[in-house]
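Here's a quick walk through the packing in this one. Have a look at the structure first, then read on.

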Amino acid sequence: MRLSDPTPEGRFGEFGGRYVPETLVPACEGLETAFRAAWADPGFRSRLDGLLADYAGRPSPMTECENLSAELGCRLLLKREDLNHTGSHKINNVLGQALLAQRMGKTRLVAETGAGQHGVATATAAALLDMECCVYMGEVDIRRQELNVFRMQLLGAEVKTAMSGSRTLKDAINEAMRDWVATVEESHYCLGSVMGPHPYPWMVRTFHEVLGHEAREQSEAILGTTPDVVTACVGGGSNAIGIFSGFVDADTELVGVEPAGGAAVGRGVPGVVHGSQSYLMQDEFGQVLEAESISAGLDYPGVGPEHSHLAAIGRARYENVTDAEVVEAFQLLSRTEGIIPALEPAHALAWVSRDRASLAGRSVVLNLSGRGDKDVAQMMDILGGKRA
Amino acid sequence: MPGPVERALRERRDTGGKALVVYVTGGLGDDWTDTVRAVADAGADVIEIGVPFSDPVMDGPTIQAANDRALGSGATPSSILNQVRDLDAGAPLAVMTYYNIAFRAGLERFAASLAAAGVSGCILPDLPLEETGPWVGAADDAGIETILLAAPTGSDERLARVCARSRGFVYGVGLLGVTGVRSELAASASVIAARLKKLTDLPVLVGVGVGTPEQAVQAAAAGDGVVVGSAVVQRMLDGAGPTGVGELVSRFRAALDGV
């Protein structure tokens, strides 16, 4: 069994849909048709599988954390998406979408990025496939992730600053959508998470299911059974949906971890923004609130619609952690296992660490969705050069 | 039975004129309601009241800036509709906002609040045809005319379905892009107007990228009129006040009237 497909209208339960300006509806319909055809085409699949293996480095390993398990009192396994080319799970989706865009005759990729991981991955795929690339990034994020900005530029992408609103991921998405409205004939919008208008939430999930399937096999090989808990951080929620997809039919608890300052499932109410209906942090009048998180990649007031659905039907639950807990977890994994995590998956670890009592003696698979190189400079500022 | 928006635009067409719909950002400055009256006095047939939303993906920099300023000064959908109720503009009004504003309020409640404020029409640019069902049900019941956008990317078959569901008028999107003034009118403006005219008897107006009286005349040639937004809002942002904005609208009116 796998996660269910959306309805023809792109709904997961009441969530999802296709709320875009009329100009973009034909593009979304065309994308859905092209994706269905490509996914059913063995030639497309083998080209993608080849790139995932020989270019991105799949399968990513699973690491059992003996030191940290002893400290926490549970059995902790990490799905090592941090070891993929470009340093995160984002490459799975980007290679799929870039190949699809090329197949559709598009010559330009437009993307938004928060932490820069999706932007770097998109710029990488564009370089590989010789496509033009334009990445929108909020001014605040450009400041805290300047290394990734330079990476994107090295890869040949143009990085444009989103100056509106909170000047973070939400506003980068607005700018990317405005670009797409104007350039829809030659551009493909390479959306970086399981959000946006149908077919994006479903398509992006499908491209990330590979990591869930691997994790299922790897964890069963190590544990001899399915894990008790699978956990991952959730901003838009692509890495989480990817790993959840491998365990949805198992007797495994699925736990998404949101930042306390961007807890759409935890604290939001249903709303419609960026193309779909989902839980959303908003005020009483429907104005979208600005998220506040230490992690640029999770600094988003919404969440992918399928997460809202999984929460509504009770198949997954969603916790949230504070920035301070994340900083602790970031150092904890570095110190005990020699693995510097990105701030995003450090959220999932922060929850495991905080809830260690309830996890005692249980097996936990955590999706280590990205590596921490990009966050080192920010952490130097936060820790002031001192180590805990 | 056509509503006030459609009746006003048909009347303009039936008397051989070209219609002028003007967008004004609600809550922008203390005198914005005076600006609405000045716009009506200057010859706008219908006035769109923009209710600011935090994430306006169909809008360019001018209307974004107006949104931010209005929201920053504390404007809310309720405060704007309260002011509209006492407006007595002398022209039919349509609210333009984004779907989440209506969704959050509750669709029936939002539609009723428009009607109670004396608003005749509503435009939700991020609500495409396939998603309109729940909203138009509520809007129809409340007597609100839901004006749909028709884009250059749509097939004739799709445009025909959009025209069939639209009320008041059909809003032809003049170019591939978001709202804002361009140095030249896009060729696509005349093309979309001509395509829509073949598909519907509803008034066909072209908006997005219509920034000067000269462009308005060009854009109105193939259809029944134009929607002017960013050029007017820029005047408001520049502090022109009701008189200055009214003067600009008069120039659009005069150009369309060929005087």
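### How the pieces pack

The contact between the chains takes 30 residues from chain B and 28 residues from chain A, where two residues touch if their C-beta atoms, placed from the backbone, lie within 7 Å. This is a predicted model, so to speak of local features pLDDT must be at least 70, and side-chain atom pairs count only at pLDDT 80 or more, while totals for chains, interfaces and linings use all residues. Residues are numbered from 1 along each chain as its sequence is written, with chains lettered from A and ligands numbered from 1 in the order in which they are written.

On the side of chain B that touches chain A, H5(B) gives the most, with 6 residues. Helices (H or I, at least four residues) and strands (E, at least two) are DSSP runs, numbered from the N terminus.

Here's that side by class; Ala, Val, Leu, Ile, Met, Phe, Trp, Tyr, Cys and Pro count as nonpolar, Asp, Glu, Lys and Arg as charged, and the others, Gly among them, as polar.

| Class | Side of chain B that touches chain A |
|---|---|
| nonpolar | 18 residues |
| polar | 7 residues |

Over in chain A, 4 strands form an open, parallel sheet in the order E7-E6-E5-E8; strands pair if DSSP finds at least two bridges between them. E7 (158-162) and E8 (187-189) of chain A stand at the edges with a single partner strand each, so one side of each has no neighbour in the sheet. Within it, E5 (residues 108-113) and E6 (residues 132-138) of chain A pair over 6 bridges, and Leu109(A) sits opposite Cys133(A) in E6(A).
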